[in-house]
Amino acid sequence: MLKGYLSCAQAQNNLIGFIHYDLERKTMKKTAIHLRNCPICMEKYSSLQRRKKELREKLYEIQNKLKIENDVSCYIDCETEKENLFLINELIKWDEKYKKEYKEQLNLKNFMQYCKLKVRENLIKENIKNKSMVKKDFKGLFGDFFNNNAMRV
Ligand SMILES: [Zn+2]
């Protein structure tokens, strides 16, 4: 069926371009006329637009989350720029998302610190154990020699 000089197939082919204002003026106009007169294509157009809106919201959500992560990470590492310090400080105090992110990152940082400490502790223990084993081996191998010589002296 031709509505506004376009068939439904042609109009639907134009929909993506139409949503992004990425068609020639003439084609934009023909598509618009078709949509105004064709409920089926109009429904496809509406659903595409809803999808576009959803995607834009998702993108915004992700960008926002990344910004919060970055803001908080800089704050914890004392790398926040001076002019933003007050703002971030207030956000961490009053904004639930910032507050949550701050707690999580701080917990993670503390946990990493704890792990580092444990590893160091174990390395030291291992080192001491190795040294005492070397001593033991040394005694085991040469103990008699020293004992015999000591007796001879
Ligand atoms: Zn149509």
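Author: A residue is buried if 20 or more other C-beta atoms lie within 10 Å of its own, exposed if 12 or fewer, and partly exposed in between, with C-beta atoms placed from the backbone. The structure here is a predicted model, in which local features need pLDDT of at least 70, side-chain atom pairs count only at pLDDT 80 or more, and totals for chains, interfaces and linings use all residues. Residues are numbered from 1 along each chain as its sequence is written.

Reader: Why is Thr 31 called buried?

Author: Thr 31 has 23 other C-beta atoms within 10 Å, and the cut-off is 20 or more, so Thr 31 is buried. Thr 31 is part of helix α2. In the chain of 153 residues, 11% are buried.

Reader: What makes Asn 89 partly exposed?

Author: The count for Asn 89 is 13 other C-beta atoms within 10 Å. That lies in between the two cut-offs, so Asn 89 is partly exposed. Asn 89 sits in helix α4, residues 82-94. Its C-alpha atom is 8.3 Å from that of Tyr 75, 14 residues away along the chain.

Reader: Why are Tyr 21 and Cys 78 called exposed?

Author: Tyr 21 has 7 other C-beta atoms within 10 Å, so it is exposed. Cys 78 also has 7, so Cys 78 is exposed. Tyr 21 lies in the loop between α1 and α2, and Cys 78 in the loop between α3 and α4. Neither is a glycine, yet phi is positive in each: near 50° for Tyr 21 and about 55° for Cys 78.

Reader: Which residues is Thr 31 in contact with, leaving aside its neighbours within four places in sequence?

Author: They are Leu 6, Ala 11, Asn 14, Phe 18 and Leu 23; contact requires C-beta atoms, placed from the backbone, within 7 Å. Gln 10 is 21 residues from Thr 31 in sequence, and their C-alpha atoms are 8.5 Å apart.

Reader: How do α1 and α2 meet?

Author: The axes of α1 (residues 8-19) and α2 (residues 25-37) come within 10 Å and cross at roughly 115°. On the α1 side are Ala 11, Asn 14 and Phe 18, and on the α2 side Thr 27, Met 28, Thr 31, His 34 and Leu 35. By class, this contact has four nonpolar, four polar and no charged residues.

Reader: What makes α1 roughly parallel to α3?

Author: Their axes are 10 Å apart and at an angle of about 25°. Angles under 35 degrees count as roughly parallel, over 145 as roughly antiparallel, 65 to 115 as roughly perpendicular and the rest as oblique, so α1 is roughly parallel to α3. In α1, Cys 8, Ala 11, Gln 12, Leu 15 and Ile 19 take part. Their partners in α3 are Ile 40, Cys 41, Lys 44, Tyr 45, Leu 48, Gln 49 and Lys 52.

Technical notes: Axes fitted to C-alpha atoms, helices over the stretch in contact; angles between N-to-C directions. Helix = DSSP H or I, 4+ residues; strand = E, 2+ residues; numbered from the N terminus. Contact = placed C-beta atoms within 7 Å. Nonpolar A, V, L, I, M, F, W, Y, C, P; charged D, E, K, R; others polar.
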